[in-house]
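Student: I have a model open on my screen and would like to go through it with you. Could you start with whatever I need to know to follow your wording?

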Amino acid sequence: MSVATQPGQPSWADVNRDVARTVGMPGNTYFAWMCLVALILGCGVLAWAYQIWTGMGAAGKRTPQMWAMYITTFVFWIGIGHAGTLISAILYLFRAKWRTSIYRGAEAMTVFAVMTAGLFPLIHAGRMWFAYWLTPYPNQRYLWPNFKSPLVWDVFAISTYLTISVVFFLVGLVPDIAALRDQSTGVKKKIYAVMSLGWEGSDSQWRHYRRAYGLLASLATPLVLSVHSVVSFDFAMALVPGWHSTLFAPFFVDGAIFSGFAMVLLLIIPMRYLFNWYAYITDKHMDAMAKLILVTSLVLTYFYICEAFTSWYSGEHFERASLFYRATRQYAWAFWLQYLCNSVVPLVFFWRKARTHIATLYIVSLFVLVGMWFERFNIIVLGLGFDFYPYTWGTYYPTVTDSTIIVGSFAWFFLLFLGFIRVMPSLSIVEVKEVLAHPLKHAPGGRH
Amino acid sequence: MAMASVLGIFAHVDTTLDAIRKLREKGFSELTVYTPVPVEEIEEEIERVRPLSKVRLFTLVGALTGTSTGFFLTIWSSLKWSLVTGAKDPVSFPPFIIIAFELTILFGGLATALAILLLGRLPRLSPSPTYDPRFTLDRFGVAVSCPPETAATVTSLLTASGAEEVRR
């Protein structure tokens, strides 16, 4: 008896077919979405051009909140970029089989989110054509960056994270693109042939590939944890009340993973529906993702409590005043919205049914993303708005320019992601096949 | 002496494994095995007689280069362009560790990717003569490089192991 697959499971050929059909010519709805997203992006680009032309005042940046929406959104996007590498590297090392169906989409999300985040320091700095000053290079004036500055650590951490995430992503794609190459014809075949680097799946190729993939995962694991720690140092190294805390590194890392998982859910739920991938992305995956969101939410709540407790227990006047200001003054709505979205709403996932109910998953994910954006807003804008001296206190008002640029950044992210899912395999062919039953002629245990 | 190539195409993991073992027993060691996914049992069988992959050596050298570059860059540039504050030494290790760590990961990762290309002999400009597009779908291939006079023996061994198709 030939034992190809277990009943109800797709066969290996099904996997190739189901992925190959997603990279065909898309329909009108897809192009309509692309046009809409491109239009919003166009508005964002125009707003950026206006800001460059008129100056940074157009972005509503004035003392004391010189770090406002741009840095908030920068930290938000870096956070989103955490889930992909966490799923692809850390869960790979833990041999969590459920990751195979979702990691490609999550990895793409990571790469595009970090690319989006990388735009914000440029937008924020104003004269972005001088951004290369941040990198160390030999110059006639013997000037070098100050390596003791957390902002320079950021440049290194994020460039390394982007590079390694892209390498990891591309390495994972090679065997899958080879599978698409072998199922394509004409120009498409030629393009995939170049992109697959002539991959054949021979034993010598797999041998080096597997070892390299494991090593890349091992290198990416500490990197995932370090990137947001380094981002948190931008704040924790300063003396601003509410920022100067040793809690910030794990607090930021947990928040990043939390928001990253929410974005993964937001992307894979429509993908599963549109590509009819119910055989691959099952309720088990939704349940696992919801559980991770719940756990990270509980950890985050613990950090929130610690933050408030240490502000009070320290006896430090400015820390206490800063907390009181945030919770009761003009930004109180933003402060309490953060707690509602990040600590209260995810509790619904204690209920088993909610963890597989699509509308609930979607709504909770949206709440989490809103909550996490406001968390960064509260740290940055509120932290700077209430400093040591009353003459430096201030209220920040967003402008049309900075708001349009921020909405445009979402359009940029979704444009990249929509483009990706139509030209590349957004489900890992090789890894999904690996976890399916391998075809055997003779059943294990000697049965025939 | 010109060698002949015989390719057996299999539908199952166990029959492929059986063919590899039988070929090895008969002294045929010039094998290339194609699989749609990495299969642990096949890998173990092949690894038995082959040295371990050198990928990790690339990673190690890359990572150490990154560490030393990170420390060299930060220490050298701090001495070259000293920003002395509070009469403290311009060379300060704790912040430099962050740069060294990032460059360790960066160089280690890039060297690992380079290893895949160099050791896996990629990119390949044209497919191997024994390659079949079904090997990325759901079929396994065992290609044997052997003297022409033994090609008939290899063909019968592959057929006996359960090959769906054998071609020279």
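Tutor: Let us begin with one term: a residue is called buried if 20 or more other C-beta atoms lie within 10 Å of its own, and exposed if 12 or fewer do. Please keep in mind that this is a predicted model.

Student: Fine. How many helices and strands does chain A have?

Tutor: Chain A has 15 helices and 0 strands. Its radius of gyration is 24 Å, close to the 22 Å that the globule rule gives for 448 residues, so chain A is as compact as a globular protein of that length. Along its principal axes the C-alpha trace spans about 85 × 55 × 45 Å, and buried residues make up 48% of the chain.

Student: And what share of the contacts in chain A joins residues at least 24 apart?

Tutor: Among contacts between residues at least 6 apart in sequence, that share is 81%.

Student: Let me try a helix. Which residues of α10(A) are buried?

Tutor: The buried set in α10(A) includes H285(A), M286(A), M289(A), A290(A), L292(A) and I293(A), with L300(A) and S311(A) also among its members. These buried residues pack against α9, α11, α12 and α13 of chain A. The helix itself runs over residues 283–313 and reaches 44 Å from its first C-alpha to its last, close to the 45 Å expected for its 31 residues at 1.5 Å a residue.

Student: What follows α10(A)?

Tutor: The helix is followed by G315(A), whose phi is positive, near 75°.

Student: Now α3(A): is it mostly covered or mostly uncovered?

Tutor: It is mostly covered, with 12 of its 12 residues buried; among them are F74(A), F76(A), W77(A) and I78(A). As for its length, the 12 residues of α3(A), 69–80, should span 16 Å at 1.5 Å a residue, and the end C-alpha atoms are 16 Å apart, which agrees.

Student: I want to look at the nonpolar core next. Which residues touch the most other members of the largest one?

Tutor: In that core of 144 residues, they are I78(A), I164(A), V227(A), F261(A), V264(A) and I293(A). The largest share of the core, 16 residues, comes from α6(A). If you select V227(A) and leave aside its neighbours within four places in sequence, you will find it in contact with I78(A), A157(A), I158(A) and Y161(A). There is also a second, separate core of 24 residues, which includes V6(B), F28(B), F135(B) and C146(B).

Student: That takes us to chain B. How many residues of chain A are in contact with chain B?

Tutor: On the chain A side there are 52 residues, in contact with 56 residues of chain B. Helices α1, α6, α8 and α15 of chain A each supply at least two residues of that side, and α8(A) gives the most, with 16 residues. By type, the residues of the chain A side divide into 28 nonpolar, 14 polar and 10 charged.

Student: Which domains does the assignment give for chain B?

Tutor: The domain assignment gives domain 1, made of 4–52 and 135–167, and domain 2, made of 55–119. Taken over C-alpha atoms, the centres of the two domains are separated by 45 Å.

Student: Switching topic, where are the cis peptide bonds?

Tutor: One joins T63(A) and P64(A), with omega about 5°, and P64(A) is found in the loop between α2 and α3 of chain A. Another joins L122(B) and P123(B), with omega about -5°, and P123(B) sits in the loop between α4 and β3 of chain B.

Student: Last one, on backbone angles: what is phi for R95(A) and L197(A)?

Tutor: Phi of R95(A) is near 55°, a positive value in a residue other than glycine, and L197(A) has a positive phi of about 60° although it is not a glycine either. R95(A) lies in the loop between α4 and α5 of chain A, whereas L197(A) lies in the loop between α7 and α8.

Student: Why does R95(A) count as exposed, and why is L197(A) buried?

Tutor: R95(A) counts as exposed because it has 7 C-beta neighbours inside 10 Å, while L197(A) is buried because 20 other C-beta atoms lie within 10 Å.

Notes: Residues numbered from 1 in each chain as written. Chains lettered and ligands numbered in written order. Predicted model: local features only at pLDDT ≥ 70, side-chain atom pairs only at ≥ 80, totals over all residues. Helix = DSSP H or I, 4+ residues; strand = E, 2+ residues; numbered from the N terminus. Rg over C-alpha atoms; globule rule 2.2 N^0.38 Å. Contact = placed C-beta atoms within 7 Å. Expected span 1.5 Å × (residues − 1). Nonpolar A, V, L, I, M, F, W, Y, C, P; charged D, E, K, R; others polar. Core = buried A, V, L, I, M, F, W, Y, C linked by C-beta atoms within 7 Å. Domains from an automatic or database assignment.
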